[in-house]
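The sequence and the model are shown first, and a description by region follows.

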Amino acid sequence: MSSQKAVDPSESSEEPVLRAEGVSKSFGTVQAVDDVSLELGENEVVALVGDNGAGKSTLLSSLVGLQGIDEGEISYRTGTTLTPGNNREVLGDEVGIVHQDMALVGLRPVFENVFIGRQVKKEYLGGLLKISDKKAMRQECERILDELGFDIPVNKKVQLLSGGERQILAFARAIYSDPPILVLDEPFTALSEDIMNQLIETINELRKDHSIMLVSHNLEMVRELADRILVMRRGNKVAELTGEEIERKDILKLMIG
Ligand SMILES: Nc1ncnc2c1ncn2[C@@H]1O[C@H](COP(=O)(O)OP(=O)(O)OP(=O)(O)O)[C@@H](O)[C@H]1O
Ligand SMILES: [Mg+2]
């Protein structure tokens, strides 16, 4: 037997898919995120909880590069690194996001909303002209909604959808390109219990081969889904709960202080 240390084949997968170190972000005098470090492991569900204004959404949008950070470093296992002054959106193939406000375009139909920022194009004149391929987008949209088990008319304008239907559409858009990391900011608001359970089932399916960061005020749901819970208070990460602590600790107390 060789005297060299055996290489653990699982070692590479133990490296987090996403790591944030000392991340801070302020808006004027408001310190929205203050020196927060965190890791998201492979196939892990990490929940972020905290009172209104605790900095959860700001942290999430910083992690995916929608907002530049003031201090710290965000690094993805793929090699993408975000630092102050070096920011770019990490969305699409790498990360899918459900925004808290869903960020849908009301006047455009359902299927177009799934493809915002990454339209499927058809080539004309030997590639000289590229025109968005609406038929392909419609079909793809139907497929993804069908896969999720939801029946939403793909030609309907988003402003005519119910709140819950919009929430589902936002979710469909986040997972459409099957990114390995999903960032979900309040994905359960506006959902009926039935639909919420359906979405939880989908998340439980996705967690087998995706890493998920979830923000929710529904602590019951968070307890059920999370492998780890990070508690934020006024921009700071004040607690990190794992295993039995998730059930035992008074999360509300940690949130409010
Ligand atoms: N674009 C912005 N400009 C100015 N202030 C902002 C901006 N975005 C967030 N803030 C402020 O930063 C703080 C953190 O807000 P954030 O939206 O991250 O909180 P949150 O934890 O997501 O709250 P909620 O649970 O209500 O969604 C708040 O004080 C908020 O008013
Ligand atoms: Mg928020």
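Strand β1 (residues 18-27) and β2 are joined by seven bridges and run antiparallel. Helices and strands are DSSP runs numbered from the N terminus, with helices being H or I of at least four residues and strands being E of at least two. Two strands are said to pair if DSSP finds at least two bridges between them. Across from F27 stands V30 in β2.

The model is a predicted one, in which local features need pLDDT of at least 70 and side-chain atom pairs count only at pLDDT 80 or more, while totals for chains, interfaces and linings use all residues. Residues are numbered from 1 along each chain as its sequence is written, and chains are lettered from A and ligands numbered from 1 in the order in which they are written.

Four strands make up an open sheet, ordered β2-β1-β4-β5, with antiparallel pairing. Because β2 and β5 (81-82) stand at the edges with a single partner strand each, one side of each has no neighbour in the sheet.

## The chain as a whole

The chain contains nine helices and twelve strands. Of its 257 residues, 34% count as buried; a residue is buried if 20 or more other C-beta atoms, placed from the backbone, lie within 10 Å of its own, exposed if 12 or fewer do, and partly exposed in between. Among contacts between residues at least 6 apart in sequence, 66% join residues at least 24 apart. A contact here is a pair of residues whose C-beta atoms, placed from the backbone, lie within 7 Å.

## The six-stranded sheet

A further open sheet has six strands in the order β6-β9-β10-β3-β11-β12, and its pairing is mixed. Its edge strands, β6 (95-98) and β12 (236-242), each pair on one side only. From one strand to the next the twist averages 15 degrees. Axes are lines fitted to C-alpha atoms, for helices over the stretch in contact, and angles run from 0 to 180 degrees between N-to-C directions.

Within this sheet, strand β3 (residues 45-50) runs parallel to strand β10 (residues 211-215), and four bridges join them. A47 has L214 in β10 as its bridge partner. Helix α5 packs on the sheet and touches β6 and β9 (181-185); the direction of α5 makes about 170 degrees with that of β6.

Strand β11 (residues 228-233) and β12 run antiparallel and are joined by six bridges. R233 stands opposite N236 in β12. The two strands β11 and β12 form a hairpin with two residues between them, and R234 in the turn has a positive phi of about 45 degrees.

## The nonpolar core

The largest nonpolar core has 64 residues, and A47, V183, M213, L214 and I229 touch the most other members. Helix α5 (residues 163-175) gives the most to this core, with six residues. Such a core is a set of buried Ala, Val, Leu, Ile, Met, Phe, Trp, Tyr and Cys residues joined through C-beta atoms within 7 Å. Apart from neighbours within four places in sequence, V183 is in contact with L60, L63, V64, V95, I97 and M213.

L199 is found in helix α6 (residues 193-206). L199 counts as buried because it has 22 C-beta neighbours inside 10 Å. Residues up to four places away in sequence aside, L199 touches F171, P187, F188 and L191. L199 and I168 lie 31 residues apart in sequence, with 8.3 Å between their C-alpha atoms.

## Surroundings of ligand 1

The shell around ligand 1 consists of F27, V30, A32, G50, N52, G53, A54, G55, K56, S57, T58 and Q100. A residue is near the ligand if its C-beta atom, placed from the backbone, lies within 6 Å of it. β2 (30-40) and α2 (56-63) each supply at least two residues of this shell, and the largest share, three residues, comes from α2.

By type, the shell divides into four nonpolar residues, seven polar and one charged. In this scheme Ala, Val, Leu, Ile, Met, Phe, Trp, Tyr, Cys and Pro count as nonpolar, Asp, Glu, Lys and Arg as charged, and the others, Gly among them, as polar.

## Residues with positive phi

Most residues other than glycine have a negative phi. D35, although not a glycine, has a positive phi of about 55 degrees. D35 is placed in strand β2 and is partly exposed, with 14 other C-beta atoms within 10 Å.

N43 is not a glycine either, and has a positive phi of about 55 degrees. N43 lies in the loop between β2 and β3, and with 15 C-beta neighbours inside 10 Å N43 counts as partly exposed.

Methods
Contact = placed C-beta atoms within 7 Å.
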